[in-house]
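Q: Please take a close look at one part of this model for me. I would like to understand the place where the two chains meet.

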2 protein chains.
Amino acid sequence: MYRAPVADIAFTLKNSAGFAAAQAEGIYPDLADDLLEAVLEEAGKFASDVIAPLNRVGDQQGALFKDGNVTMPPGWKDAYTQWAAAGWNGLAGPTQWGGQGLPWAINAACVEMWNSASAAFAVGPTLTMAGIDALAAHGSDDLKKIYLAKLISGEWTGTMQLTEPQAGSDVGLLRTRAERHNGAYKLTGQKIFITYGEHDLTDNIIHFVLARLPDAPSGTRGISLFLVPKFLPNADGSPGKRNDVRAHSVEHKLGIHGSPTCTMILGDNEGAVGYLIGEENAGMACMFTMMNRARLAIGVQGVGIAETATQQALAYARERKQGRTPGMKPTESAPLIAYPDVKRMLLTMRALTQAARTICYTTALALDRSERLSDPAARRAAHDRLSLLTPVAKAFSTDIANEVTSLGVQVHGGMGFIEETGAAQLFRDARIAAIYEGTNGIQAIDLVTRKLPFSDAVTAHFNELRGIVDAVSASNDPAFGWTAVRLSEAIDSLNRATQWLVAQTGTDPDAALAGASPYLRLFGITTGGCYLAQQALTAVRLGQGAPARLAVARFFAENFAVQAHALERTIVEGAPGLIGADAALA
Amino acid sequence: MYRAPVADIAFTLKNSAGFAAAQAEGIYPDLADDLLEAVLEEAGKFASDVIAPLNRVGDQQGALFKDGNVTMPPGWKDAYTQWAAAGWNGLAGPTQWGGQGLPWAINAACVEMWNSASAAFAVGPTLTMAGIDALAAHGSDDLKKIYLAKLISGEWTGTMQLTEPQAGSDVGLLRTRAERHNGAYKLTGQKIFITYGEHDLTDNIIHFVLARLPDAPSGTRGISLFLVPKFLPNADGSPGKRNDVRAHSVEHKLGIHGSPTCTMILGDNEGAVGYLIGEENAGMACMFTMMNRARLAIGVQGVGIAETATQQALAYARERKQGRTPGMKPTESAPLIAYPDVKRMLLTMRALTQAARTICYTTALALDRSERLSDPAARRAAHDRLSLLTPVAKAFSTDIANEVTSLGVQVHGGMGFIEETGAAQLFRDARIAAIYEGTNGIQAIDLVTRKLPFSDAVTAHFNELRGIVDAVSASNDPAFGWTAVRLSEAIDSLNRATQWLVAQTGTDPDAALAGASPYLRLFGITTGGCYLAQQALTAVRLGQGAPARLAVARFFAENFAVQAHALERTIVEGAPGLIGADAALA
């Protein structure tokens, strides 16, 4: 069963992701010194004691749909109510509306824990938080007054409604229609894949819906964002008249069965009343506010699921005995963990998870700094760093979640294929994270075509990585093995691949796009490898768990960072072969 | 829906796996020239028309257990009966007992098709065939007379019963007891994870059970193999008295729901009557006869599932339109397949599947040659080659099945996570193949510790690969891109890693074991890459689909063979870091 790795998370936040440095910069002025650990401890307890025990029933019973209503799995409503009442939903929400105003970095660590306990449970609040962002950033004061406090407290939840049957990754194709009506709007259309579109956890649900005005330009420039409540609030704020937005069905999914994924019908009768957020036809900008925050959260979801899979596999490998290692008596048998090949799987799980965690937390720190730094140029630089790291945090972490949960099944052997063991559920649950909030292919294209051109952020990032490798070299610590050499080569490969891709973007965009996914992987392993090495250096300096961190950093460098050169070659040499391969797909 | 790639399979068998050469050697003397294609055509039709339509219901309804009986999914009994009646079960079975005596190579291609249509359906007969092998090789004439013909016709099915709760990969721990009784034996014990342990497809089931005599030595040297029929046959061969072997339950699994995975109880009442196969305490040798054949079949299962996933993803990527490629009008939208990143996923699926297919078919050819060549030394060499390639065929093909089916989900985007699409089922079904019949970690250890010492087979294999690369170089065909360079480097890496591992095996076995899994991958990508290149050369020479095969070979070399050097480093440099990493797993 999941136990929150509070010490590891706190160490990573403070000494690697930059939390302590940011504190020293003064961006968290009201934060008591021991608050970080205190919050993490409490979150960890809630995650393992209250949420984790509900994960299995959520998978087995799922969210049940009947006559337009969704019944959540047994125990989920109680847990959600407790969770919101304890203030977890509003942890990083603005204090003006009842939030606690704590750092996003702390919230990210808590989101990891909710996801470790139950990804299906955690994904609902993730979208509420994204809706809060969009409303807080772009909503009118009137809308904020009515909705923000209840969304932040978790009394109401939010949904993000982008996708339609013909409009998935290409949101510009959406057809949901909004007509002006008495100072508000009436919406008509159908949305699919709407996470927590309907449920019985709360007495109202606030839908954030992308739609198109009758006179809107085509494509993404003609999209507007609307707030569409399930119940139109009364003057006193209580839920009033039922709005014309309904769940039509719930999907039968591979995983996260406890999360109701709904097809939603808007305006089947009189039209769904909606309120504009931001300007007409400026919905994409509002949506990107939601999406970026949500993308980081989904990266963190990958980390959370991977952490649970790692814990479970480790526990099984320690307990299960099979065979003998050299020197054992015939009557003895060794635990699986004693075998080098099993150790390889467990170390891979551990190292990939920690690398992804550090990338996600570092991204969360960039978010805090982009909002809280006083100097506008420094805020801008932090924002560019946030933009650069977000697609990596999302895609690398969810890719490794697939790898780690698959290894989790493998470590269990035949038991891993049996649903009762739980390893299979993690494998199934993880699989969506590389798909939703922008597929990982979309993240890679975003990284290559929109983020690399911000060369200052890229240069600063690479310099940071080089600095780490120089420090590893200077340490002369033999426990690092080949770490410095492999990381240095990886940065060289990353640097060359970056220059090559940027050069192609103008002249041969398809060649750049062909290398996008291997490039994101190269970026992820190089960054992750350097961050793990930096953690090991810090652990040595502080005398905190140095042997473990050295071992993880070394393993990552010798088994993952070592792949950098092949990825560079694939990117730089592989495009013509890929682009010219149509005959192979005929 | 699945369509058997008959032309591709025939090309691969004949021109790459060595079927045509073997025919020229005269090992298939009675085989008509056009028989290969005729058999493949018929098998393809049966697979796609009869079996494939039952795959979905098999997943949804599964095999139902009640009161010791298993009811197979609707339509499965009819399909199985038709399938057996058409002679497919006995395709490669000995003619003496009613089999058709066709090459294992042809059977492997057919097994691929059954698995493409439904892995849950195909896995049952796979184990029957393995039982046939053991009985034919080691059984007494009396046993053969009673059981072989019915097992070969498929009138009865077989099971392999090794695993017990405490004895998984370590079969030496098994406790099932066999006592001598009236010239036969009485068995008592419990077996788990027994594929097709109970079902209603046939009126008898023949269990091949590993058990231990009271006076047997401990460990694997004290294991004997028994034939334990569900019903004891009457004198006329019809099923008679019910034997004391029963299914206790059926597992709730991640995938292959149509395949009943049973816990079996032997001897709860008067003891299960069993008949010895081979000698007492020589059961492991008999079992290895079954396992080796079954391991190749499971590799082929990986290929079959990967093929279906590839076909499905290709069809979806051609049909689904999202966004625009450069130069398209705003009103148009492009199919997913037009995007380089999607093309990368599809090419990866195609290339990995074809590489694994070729490795499996080549292994099947080695099996045929090991049985059919007249010269004993040549037979022995073929047998060593079979032994060398079997773990690679099993593990590489099932590893890539996981990768390919995961990409299949990804290509579908959000739809991939919805069960109705079918991509998720392939992803779930594939996951067992890397686990059963010896986990892929066990295969890697087998390769490194038991197969590499057969240096003649290794040398011959590497020489064969070098010959292919030399031919690619000599062709000077620019369509190969970096193929020759990358494959040549890959062979160098494989060669160096092999020498290093063999050197460690005596002095530092843990160091060798630490590198086993990356070594198997290195062996697989190098071998697969060379075979694909050889196919491309042949396609150019014959003028048969050369552009497609050149593109696949090039893509594989530039995207997979290119990883060889990193794998070599991981193997040769990574052992100390892995072995010394216990602190990271504390």
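**Where chain B meets chain A**

A: The rule finds 6 salt bridges across the interface of chain B and chain A. This is a predicted model. One of these bridges pairs B:Asp582 with A:Lys343. Their closest N and O atoms lie 2.9 Å apart. The cut-off for a salt bridge is 4 Å, so this pair qualifies.

Polar contacts cross the interface too. The rule finds 38 residue pairs of this kind between chain B and chain A, both residues at pLDDT 80 or more. Which element gives the largest share of chain B's side? Helix α19 of chain B, residues 564-579, does, with 9 residues touching chain A.

Now step back to the whole contact. Chain B brings 85 residues to the contact, and chain A brings 85 residues. The area buried between chain B and chain A is about 7300 Å². Carbon and sulfur atoms give 61% of that area. In chain B, the residues that lose the most area to chain A are B:Leu254, B:Phe417 and B:Leu585. Together they make up 11% of what the chain B side buries.

One more helix of chain B is worth a look. Helix α7 of chain B covers residues 119-138. At 1.5 Å a residue, its 20 residues should span 28 Å. The end C-alpha atoms of α7(B) are 29 Å apart, which agrees. Is α7(B) mostly buried or exposed? Of its 20 residues, 17 are buried, so α7(B) is largely enclosed by the rest of the structure.

Definitions and conventions
Residues numbered from 1 in each chain as written. Chains lettered and ligands numbered in written order. Predicted model: local features only at pLDDT ≥ 70, side-chain atom pairs only at ≥ 80, totals over all residues. Heavy atoms only, no water. Helix = DSSP H or I, 4+ residues; strand = E, 2+ residues; numbered from the N terminus. Expected span 1.5 Å × (residues − 1). Buried < 20%, exposed > 50% of the residue type's maximum accessible area, 1.4 Å probe, protein only. Contact = heavy atoms within 4.5 Å. Buried area = accessible area lost by both parts, 1.4 Å probe. Salt bridge = Lys/Arg side-chain N within 4 Å of Asp/Glu carboxyl O. Polar contact = N/O pair within 3.5 Å; in protein donor to acceptor, adjacent residues only side chain to side chain.
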